[in-house]
Amino acid sequence: MKTDDEKRINEVKRRRTFAIISHPDAGKTTLTEKLLLFGGAIRLAGSVKSRRAQKHAVSDWMEIEKQRGISVTSSVLQFEYENHVVNILDTPGHQDFSEDTYRTLMAADNAVMVIDCAKGVEAQTKKLFQVCKMRNIPIFTFINKMDRAGKDPFELMEEIEKILDIEAYPMNWPVGTDGNFKGVYNRVKSQMEIFEGGHHGQAKTSAITGKIEDEVFGDLMGEQLHQQLMEEIELLDEAGNEYDHKRILKGELTPVFFGSAMTNFGVQPFLESFLELTLPPAPRISKEEEIEPERKDFTAFIFKIQANMNPAHRDRIAFMRICSGKFHKGMSVYLSRNQKKIKLAQPQQFFAQDRATVEEAWPGDIIGIHDPGLFQIGDTLTEKDLNIEYKGIPVFPPEHFSRVAPVDTMKRKQFIKGIQQLSEEGAIQIFKPLNTGIEEIFVGVVGNLQFEVLEYRLTNEYNVQIKMHSLPYRHVRWIETEKFEAENFSLTMDSILAIDDFGAPVLLYQNEWTVEKVEDRNKGVVLHTISERN
Ligand code: GDP
C-alpha cells in the first residue's frame, strides 16, 4: 500500500499535459483523434468526424459553432497510455479565436506544433509558436501529410529554424516524399521503420524494422531510394544539429517527427517518443516563489471560463489547471483574490468525448467546475496557503475595436451586466475612452468573429440588441508611468486614451509608428504590448 505522499509523487510523474498548435487545416484535429485512438479512448478513429455529421464535434458547444462549422472553444481531453496520463488541451482552429488559444497555452507544460509538409510554417503557427516560446516550454514538431507530395524535408528544417528561430533536430527522416510515403528512418533507434496496414487510418499500423543497410529495405523501397536515404542520413549526422535533451526541455531545440496523421503513419512512434521526452508538471511561480507540484496542499489557477457548454442549462464552466496537491470532489478552497471560501461543486473532467464527474485529480490535470459567476481568468485557488497567487494570465492585445451600445437605452443595465460577464470570461475586452466627454464603451477583440459571438450572446442570453460601430484603431498598449494624468498626456492624431476593465490606462492607436512618437512626447512613459491580468 502506497502512502499518500508516494501516490501523489507518482501521479505527478506520470502526467503529461500539452497543447497542440497549428495553422488551420494542418491536421490538428486528425492528429488529436489519432492520439486518442492509440490511447484507446476511441475504438475507431474518424468517429469524431462522423459524429460531426450527426451531432456536433467534440468541442462544438456553441450554436454559433454549429452554424458556422468552426470550432470556437477549446476542449480538454484525457487518456491513459502505457501508465502515462495524457492531457491534451485542444484549441480553436480559427484564428479569430486565437486569444483563447493563447490562454490555453498558459496551462500546458509542452506543445506539439503540427505543420503541413506542403505548406511549411504558416502565419498562425508562427503566432502561436511565439506564445510557447515566451514560456520556454518544450515544443515538439509533427510534420504532417507526408502521404502527399510536399516540400523537401531539408527545406522544411531550414524553414523552421529560420522563420521560428529555433533549432530543429529530426528524430526520424522520411522515406518517399513525393506522395509515396513508405516509412521513416528512426535516428534515435538507428533503425528503419517501414509502415504497413493502417487501413486508411482506421486502425493502428505496424512496422517492419531493421538496420538501414539491410538488403530487405533495398527490396522494399527500391535501390535508388535506399541509396538516397543512406546519403541523407549521413549528411544529417555530419552537418545537422546535435541531439540535446536538456535543450529540448528548455524549448531551444525542437525534435521533429515526420508522419501522416490521416494514414496513421508515424503517429504511434511520435506518441511514444513524445511521452518519453516531455516534462511532467513542473513547478509554477507564485510571487517569486516556486510551488512544487508534489506539494501536499491543493493549488490551481483558472485559465478559461466557458459559457454555454450545455445550452440547455446555460451553464458556465471555469477551467482550472491543477498545480499542486490532490483535488477531491466536494473540497473547499480559498479564492486568493478575495479570500472567499468556496465549495467546488460539480467538478467535471473531460475524457475523450464524454464529461464525467471527477472524484480526484492531480497536478497537470484540467478540471471544469460549475461557475455561478465567482471566478475570473487568472484566479488562484488554494486549499490552505492564502499567500499563493499564481502569475497572471497575460491579456493579449486586441486588434479590432468597436463602439458598442444597447439599441434600447432602457436596457443599459442588462447590457452592462452582459458585457461585464463576457469580459470576465475573456470573450471580449472592455475599454472606456477618456476625454471624450460622454460615457462610452469600446469593445476590443483579437478576431472579428468575437464580435459575432458578442452580438449573439447578448441577444440570446441577456435579451439585449446592440449596435456596433467599427473603430479605426488596430492596436493597444498599456501605459506605464509614475503618475498618469490624462489631461497632460500628449497624443497623436491617430490615438486616444482609454482605461481597461481593470482600471489601467491604455493607448488605442492606428499606426505602428505611433508608439515611438507618443513615448517621445511623454517623457517617462513606456508602452507595453501585453498586460498581465490581476
Ligand atoms: P485542423 O484544421 O488543423 O484541425 O485540420 P484537420 O485535422 O481538420 O485536417 C484538415 C484536412 O486535412 C482534413 O481534410 C484532413 O482529412 C486532412 N488531413 C489531415 N491529416 C492528413 C494527412 O496526414 N494526410 C492527408 N493527405 N490529409 C490529411
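The C-alpha centres of domain 2 and domain 3 lie 29 Å apart. That is my starting point today. The contact between them draws on five residues from domain 2 and four residues from domain 3. Look at the domain 2 side of that contact. By class, it has three nonpolar residues, one polar and one charged.

Where do the domains run? Domain 1 is given as 4–179 + 242–282, domain 2 as 285–382, and domain 3 as 396–532.

For the complex, the predictor gives an ipTM of 0.99 and a pTM of 0.84.

Two stretches need care. Over residues 43–62, pLDDT stays under 50. The model still has 32 contacts beyond four places in sequence for that stretch. Residues 68–74 also have a pLDDT below 50. There, the model shows 31 contacts beyond near neighbours in sequence. Where pLDDT is low, the predicted coordinates should not be read in detail. Please treat the contacts of both stretches with that in mind.

Now the overall build. The protein has 14 helices and 33 strands. It has 534 residues, and 46% of them count as buried. Take the contacts between residues at least 6 apart in sequence: 70% of these join residues at least 24 apart.

Next, the ligand. Which residues come nearest? Gly27, Lys28, Thr29, Thr30 and Met262 do, out of 16 residues around the ligand. Which element gives the most to this shell? Helix α2, residues 28–38, with three residues. Sorted by class, the shell holds four nonpolar, seven polar and five charged residues.

Strand β25 has two partners I want to show you. One is β27, residues 442–445, joined to β25 by four bridges and running antiparallel to it. Find Ser402 on your screen; it stands opposite Val443 in β27. The other is β28, residues 466–471, which pairs with β25 in the antiparallel sense over six bridges. Here Arg403 stands opposite His469. In a regular strand the side chains alternate between the two faces of the sheet.

Strand β26, residues 429–433, pairs with β30 over three bridges, in the antiparallel sense. Lys432 has Ile499 of β30 as its bridge partner. On to β31, residues 505–509. How many bridges pair β30 with β31? Five, again in the antiparallel sense. Ser495 has Tyr509 in β31 as its bridge partner. β30 and β31 form a hairpin with four residues between the strands. In that hairpin, Gly503 takes a positive phi near 85°.

That brings me to backbone angles. Most residues other than glycine have a negative phi, and most peptide bonds are trans. Two residues here are worth a look. Asn83 has a positive phi, near 65°. Where is Asn83? In the loop between β2 (75–81) and β3 (84–90). Is Asn83 buried or exposed? Asn83 counts as exposed, because it has 9 C-beta neighbours inside 10 Å, and the cut-off for exposed is 12 or fewer.

Gln339 sits in the loop between β17 (332–335) and β18 (340–343). Gln339 is exposed because 9 other C-beta atoms lie within 10 Å.

Gly179 lies in the loop between β7 (172–175) and β8 (183–186). Gly179 has 10 other C-beta atoms within 10 Å, so it is exposed. Which residues does Gly179 contact, leaving aside neighbours within four places in sequence? Arg148 and Ala149.

To close, three places to look. Start at the ligand, with helix α2 giving three residues to the shell. Then go to β25 and its six bridges with β28. Finish at residues 43–62, where pLDDT stays under 50.

Conventions
Residues are numbered from 1 along each chain as its sequence is written. This is a predicted model: local features need pLDDT of at least 70, side-chain atom pairs count only at pLDDT 80 or more; totals for chains, interfaces and linings use all residues. pLDDT is the predictor's confidence in each residue, from 0 to 100. Two residues are in contact if their C-beta atoms, placed from the backbone, lie within 7 Å. A residue is near a molecule or strand if its C-beta atom, placed from the backbone, lies within 6 Å of it. Helices (H or I, at least four residues) and strands (E, at least two) are DSSP runs, numbered from the N terminus. Ala, Val, Leu, Ile, Met, Phe, Trp, Tyr, Cys and Pro count as nonpolar, Asp, Glu, Lys and Arg as charged, and the others, Gly among them, as polar. Domain bounds come from an automatic or database domain assignment. A residue is buried if 20 or more other C-beta atoms lie within 10 Å of its own, exposed if 12 or fewer, and partly exposed in between; C-beta atoms are placed from the backbone. Two strands pair if DSSP finds at least two bridges between them.
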